[in-house]
Amino acid sequence: MIWNESLTLHNGVTIPQLGLGTWEIADDKVADVVKAAIQMGYRHIDTAQAYENERGVGEGIAKSGVDRKELFVTTKVEAEIRDYDEALQSVEDSLERLGLDYVDLLLIHSPQPWDDFRSDRHYFEENVKVWQALEKLYKEKKTRAIGISNFEVIDIDYLFDHATIKPMVNQILAHISNTPFDVIKHSQEKGMIVEAYSPIAHGEILHHPEIVKMADKYHVSVPQLCIRYGIELGLVTLPKSENPAHIKSNGDVNFEISAEDLEVLKMMERIENYGQFDKYSVFKHGINQ
Ligand SMILES: NC(=O)c1ccc[n+]([C@@H]2O[C@H](COP(=O)([O-])OP(=O)(O)OC[C@H]3O[C@@H](n4cnc5c(N)ncnc54)[C@H](OP(=O)(O)O)[C@@H]3O)[C@@H](O)[C@H]2O)c1
């Protein structure tokens, strides 16, 4: 049984709390993965222009046999796009690749281009320009909700001061051993739903001894514990898998973590590095509190 609870965004749109991540699933493989996940009961798919798999994601959605209106599809405007017209055009291109008339959620992928990720150079004005494009697309019903990703407090505050329509979501790195509680709190106080990306730390915490021990205690897998952790914190959680058996078990998270154990997980020592995955800016630089 796939977890099918939802949260509600500040504009009243409901968002399934469990979504399938699709980063690094190749375009020619992702259709089968998405189709299988939807047929199992997943209702939320997370992609991005940068994943270069929107075409395949759209094909999987079309072949799933499930009514489009029952699905929640997210894409993200590339981090390198810093201009109103380019952002608008990029989303038109995304819709065409996806084969959809609208997406459910459109995000600015990052407050800074990846080459400047977490540098001192902020792109406040450029983010406002891209945001204005998202507002236009929202008004035109090309997307049912708009939001941000990887935004820290300083970027959030500037955008909120200049946005006509306030962002509904902040999608950020959050998992056991690296949960940015201050950014989560700040985002929630601004009225946003927080989405936890890389809930399994891209695979880096699969063999973490203390997490394995806790998972054993609940007779669940490490990914199930990681996914349930996000749910217990009131976050949307976006595990990626291209393995049907993993996708199925990742959705089977109808158990409760005790309040005491949740505290232990929240306090777990911060992961030192992401090993081979440190090559990615999102893991190398993380998120500053
Ligand atoms: N906004 C952003 O900047 C941003 C950044 C990173 C990620 N994201 C989103 O968040 C999603 C998830 O993050 P992620 O892709 O970094 O990784 P993740 O979900 O934390 O971990 C994925 C890894 O865990 C493995 N895995 C998953 N379920 C498993 C299971 N039941 N048993 C064993 N191994 C399992 C996967 O391998 P298999 O495929 O073999 O199962 C893969 O190696 C992304 O796909 C993307 O949609 C967004």
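The lining of the largest pocket is made up of 13 nonpolar, 15 polar and 3 charged residues, where Ala, Val, Leu, Ile, Met, Phe, Trp, Tyr, Cys and Pro count as nonpolar, Asp, Glu, Lys and Arg as charged, and the others, Gly among them, as polar. The model is predicted, so local features need pLDDT of at least 70 and side-chain atom pairs count only at pLDDT 80 or more, while totals for chains, interfaces and linings use all residues. Residues are numbered from 1 along each chain as its sequence is written, and side-chain values use heavy atoms, with hydrogens and water left out.

The volume of the largest pocket is about 700 Å³. A pocket here is an open set of points, on a 1 Å grid over the protein atoms alone, with protein on both sides within 12 Å along at least five of seven lines; a cavity is a set of points where a 1.4 Å probe fits but cannot get out, and lining residues have an atom within 4 Å of a point. Points are joined across faces, edges and corners, and a volume is the space filled by probe spheres set on them. The largest pocket is lined by 31 residues, and Trp 23, Glu 24, Ser 198, His 202 and Lys 240 are the closest to its centre. Two or more lining residues come from helix 9 (244-250) and from helix 11 (281-284), with helix 9 giving the most, 3 residues. Helices (H or I, at least four residues) and strands (E, at least two) are DSSP runs, numbered from the N terminus.

It is in the largest pocket that the ligand sits, meaning that more than half of its atoms lie within 2 Å of the grid points. Helix 9 and helix 11 each give two or more residues to the shell around the ligand, and helix 9 gives the most, with 3. The ligand is surrounded by 31 residues, the closest being Asp 46, Ser 198, His 202, Ser 241 and His 246; a residue is near if one of its heavy atoms lies within 4 Å. By class, this shell has 13 nonpolar, 14 polar and 4 charged residues.

Turning to individual atoms, a nitrogen atom of the ligand lies 2.9 Å from a polar side-chain atom of Ser 149. Asn 250 has a side-chain N or O atom 2.9 Å from a nitrogen atom of the ligand, while an oxygen atom of the ligand is 2.8 Å from a backbone N or O atom of Ile 200. Of the 900 Å² of accessible area that the ligand has on its own, the protein covers 88% (Shrake-Rupley method, 1.4 Å probe).

The second largest pocket holds about 160 Å³ of space. Its lining counts 18 residues, with Ser 6, Pro 16, Arg 43, Glu 70 and Phe 72 nearest the centre. Strand 2 (residues 14-16) supplies the largest share, 3 residues. This lining comprises 8 nonpolar, 4 polar and 6 charged residues.

Finally, there is 1 cavity of 30 Å³ or more. The largest cavity has a volume of about 50 Å³, and its lining includes Ala 174, His 175, Cys 226 and Tyr 229. Helix 8 (residues 222-232) contributes the most to this lining, with 3 residues. The lining of the largest cavity has 8 nonpolar, 3 polar and no charged residues.

Methods. A polar contact is a pair of N or O atoms within 3.5 Å; within protein, one must be able to donate a hydrogen and the other to accept it, and residues adjacent in sequence count only if both atoms are side-chain atoms.
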